Structure formats: C-alpha cells, structure tokens
Amino acid sequence: MTDRTGTDATPIKTAITSEDGVDLSIIELLFFAYRDFTSDPDQILAEYGFGRAHHRVLHFVNRMPGLTVAELLDVLQITKQSLARVLKQLIDTGHITQVQGEYDRRQRELYPTEKGRSLALALARPQSRRIRAALGSSSATEREGIERFLKAMVNPDLRAQIDKLPGNASGNEDGNE
C-alpha cells in the first residue's frame with residue numbers, strides 16, 4: 001500500500017519497545033506527569049479563556065517582576081509575534097501592567113498586578129501540592145537528585161536562566177503555600 005507521497009503506507013502492527021534504543025519508560029513518565037501537572041491549572045485558565053502560554057507568562061512575570069519583554073522572549077524561547085497576543089490579553093484583563101524602562105525608555109518592563117499575582121498563585125498551588133505529594137517521603141538528597149535531573153534536561157546553553165530565578169529555582173521558597 002502506497003500513500004500520496006509515494007511512501008510505503010503498510011501499517012506496522014508492533015509497538016516501539018526499549019529494544020529500539022529509546023528510553024520509553026522515562027519518556028512516558030514525563031508525558032503523563034506533564035499531562036497531570038498541567039491539568040489543574042488548565043481548568044483554572046479555561047475559566048478566564050486563557051491557555052498555557054498565559055500561564056507561562058504569568059509565572060515568569062511574577063517570579064521576576066520588572067522583566068523586560070526582550071528578557072521574557074528569551075526565557076520562553078518564543079517569537080515576539082507569539083507573545084504579543086498573550087501579553088495583550090493579560091494587560092487588557094488587568095493581570096499584568098507594562099511600565100516604560102527607567103533607564104531605557106524603549107524597554108517595556110512587565111509587572112504583575114494584584115489580580116495577576118492572585119491568579120499566578122492559584123495556578124501554582126495545585127502544582128505545588130502535586131509536587132509535595134509526589135516527593136512525599138523523599139529525602140533532601142533525593143529531591144536534589146530530581147532537581148539535578150530536571151535541570152540536566154534543559155538545553156545546556158539555557159541552564160543559566162534557571163540560576164537567574166529568585167532562590168536559584170531550587171530554593172525551598174517554591175513549595176510553600
């Protein structure tokens with residue numbers, strides 16, 4: 001059977017396995033963990049007509065108030081066009097405010113409003129509870145190992161962004177409600 005592109009479209013009826021040289025166990029755990037990690041915030045975001053892009057913007061603006069649009073683009077690794085719509089919605093709904101740079105008037109610094117801070121916390125709390133439950137009886141050493149693993153998953157040239165976060169992203173301030 002050949003499809004429109006001229007390639008063989010014969011169905012393969014066997015599953016990919018670890019014998020194919022891929023770490024399916026970790027890949028699948030990451031897929032399922034991400035699905036469930038984002039499910040609670042997704043429900044809250046839907047009430048506002050927002051999506052995951054709004055969540056990411058709210059998160060980083062709340063973690064680094066005064067972040068410039070250029071810095072946010074760098075952290076999110078998205079285009080200006082992708083950010084523009086999301087940022088406009090968050091500004092128009094009063095979740096984020098934009099201030100002209102103090103030293104460079106061309107820069108736009110982003111700050112959360114009280115409404116934006118409240119929503120960011122509402123989104124983070126169920127994720128924090130899920131993390132706390134998953135870590136359960138893990139020791140500090142085991143937690144450090146998990147953090148090292150996750151940081152190692154980030155592209156090496158972008159890992160410095162993690163170190164710029166308040167509390168160095170591995171500070172204990174992040175798990176508290």
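## Report on the model

I96 touches V57, L58, V61, L87, L90, I91, L110, Y111, P112 and T113, leaving aside residues up to four places away in sequence; contact means heavy atoms within 4.5 Å. The model is predicted, so local features need pLDDT of at least 70 and side-chain atom pairs count only at pLDDT 80 or more, while totals for chains, interfaces and linings use all residues. Residues are numbered from 1 along each chain as its sequence is written, and side-chain values use heavy atoms, with hydrogens and water left out.

I96 also belongs to the largest nonpolar core, which has 21 residues; V57, L72, L83 and I96 touch the most other members. A nonpolar core is a set of buried Ala, Val, Leu, Ile, Met, Phe, Trp, Tyr and Cys residues joined through side-chain atoms within 4.5 Å. Buried means under 20% relative accessible area, exposed over 50%, and partly exposed in between, with a 1.4 Å probe and protein chains only. Two or more residues of this core come from each of α2, α3 (69–76), α4 (80–92) and α5 (114–135). Helices (H or I, at least four residues) and strands (E, at least two) are DSSP runs, numbered from the N terminus.

## Helix packing

Two packed helices are described by the angle between their axes and the distance between the axes. Axes are lines fitted to C-alpha atoms, for helices over the stretch in contact, and angles run from 0 to 180 degrees between N-to-C directions.

Helix α1 (residues 24–48) packs on helix α2 (residues 52–63) at about 90°, with the axes 10 Å apart. That makes α1 roughly perpendicular to α2; angles of 65 to 115 degrees count as roughly perpendicular, those under 35 as roughly parallel, those over 145 as roughly antiparallel and the rest as oblique. Y34, T38, P41, D42 and L45 of α1 meet R52, H55 and R56 of α2. By class, this contact has 3 nonpolar, 2 polar and 3 charged residues. Ala, Val, Leu, Ile, Met, Phe, Trp, Tyr, Cys and Pro count as nonpolar, Asp, Glu, Lys and Arg as charged, and the others, Gly among them, as polar.

The axes of α2 and α4 come within 10 Å and cross at roughly 70°, which makes α2 roughly perpendicular to α4. A53, H54, V57 and L58 of α2 touch L83, R85, V86, L87, Q89 and L90 of α4. This contact divides into 7 nonpolar, 2 polar and 1 charged residues.

## Single residues

The table lists relative accessibility.

| Residue | Relative accessibility | Class |
|---|---|---|
| H55 | 14% | buried |
| F50 | 9% | buried |
| Y48 | 41% | partly exposed |
| Q77 | 48% | partly exposed |
| Q98 | 32% | partly exposed |

H55 lies in helix α2. Beyond four places in sequence, H55 touches P41, L45, L123 and Q127.

A search of the whole structure finds 1 aromatic pair. The ring centres of Y48 and F50 are 5.8 Å apart and the planes lie at 20°, so the pair is stacked. Rings of Phe, Tyr and Trp (its six-membered ring) pair if their centres lie within 6.5 Å; planes under 30 degrees apart count as stacked, over 60 as edge-to-face and the rest as tilted.

Q77 is in the loop between α3 and α4, and its phi is near 55°, a positive value in a residue other than glycine.

Q98 lies in strand β2 (residues 96–100).
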